[in-house]
Amino acid sequence: MSKHEKVAEIVEQLYSQASQDFGQWMWKNHVPVVAHKTAELAERFGAEADIAVAGAWLHDFGDVFVHRHAEDHDDISEREAQKVLQQAGYSEEEIAAVMNDVIGPHSCRDGNLPQTLEGKVMATADALAHLTTNFYVQFAWKHLPENKDYDQFIDWVTEKLQRDFNDKIFFDEVKDEVRYRYEALVEVFTK
């Protein structure tokens, strides 16, 4: 069993016990999709799967423990992800690679872009999980943020769609493969 498969077992157990509805939703609809797509892309582009796929299983891991918008979400996510990696037998150097090169920049916000192949593979997989599934429709249906009106939600979706396609997909051939899905989603979520 690979180390990232050990991570998957631990993560699945913890998500199954998630007290947050959003955490349960992420497990059912998103996290395994990202991990599967990361494994496919790692093989396709020659990335180290134990680093990239572990990052996929653990991205946004704080959702298991606290509400997504909790002040300590990121701190809890980082602390708990490191514990899982240690349990799965990762070295300190590998833990740093997963945390800093894969998970840290996976959202591709504010110029914080992955620099390693493993990070690029996982960020791309996360974008694909948004663009090639019913993620946006389900998210709109189930998790419209409180205190936001429809126009604010559409603005959020539009920004996220643009970031997913333009900033998070690091391989031109992958971008070409999903361009029609991106364009269709942009049309659906246009005001």
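Buried residues account for 49% of the 191 residues in the chain. The model is predicted.

**Overall fold**

The chain holds 10 helices and zero strands. Read along the sequence, its pattern is α-α-α-α-α-α-α-α-α-α. The radius of gyration is 16 Å, close to the 16 Å that the globule rule gives for 191 residues, so the chain is as compact as a globular protein of that length. Along its principal axes, the C-alpha trace spans about 50 × 40 × 25 Å.

Contacts also reach across the sequence. Take those between residues at least 6 apart: 70% of them join residues at least 24 apart.

**The H9–H10 pair**

Helices H9 and H10 pack with their axes 10 Å apart, at an angle of about 170°. That angle is over 145 degrees, and the two helices are therefore roughly antiparallel to each other. Their crossing is left-handed.

Which residues of H9 meet H10? They are Leu-161, Gln-162, Phe-165 and Asn-166. The table sets out both sides.

| Helix | Residue range | Residues in the contact |
|---|---|---|
| H9 | residues 150-167 | Leu-161, Gln-162, Phe-165, Asn-166 |
| H10 | residues 172-188 | Lys-175, Val-178, Arg-179, Tyr-182, Leu-185, Val-186 |

By residue class, the contact of H9 with H10 comprises six nonpolar, two polar and two charged residues.

Key: Residues numbered from 1 in each chain as written. Predicted model: local features only at pLDDT ≥ 70, side-chain atom pairs only at ≥ 80, totals over all residues. Heavy atoms only, no water. Axes fitted to C-alpha atoms, helices over the stretch in contact; angles between N-to-C directions. Helix = DSSP H or I, 4+ residues; strand = E, 2+ residues; numbered from the N terminus. Parallel < 35°, antiparallel > 145°, perpendicular 65-115°, else oblique. Left-handed = near helix turned anticlockwise from the far one by under 90°. Contact = heavy atoms within 4.5 Å. Nonpolar A, V, L, I, M, F, W, Y, C, P; charged D, E, K, R; others polar. Rg over C-alpha atoms; globule rule 2.2 N^0.38 Å. Buried < 20%, exposed > 50% of the residue type's maximum accessible area, 1.4 Å probe, protein only.
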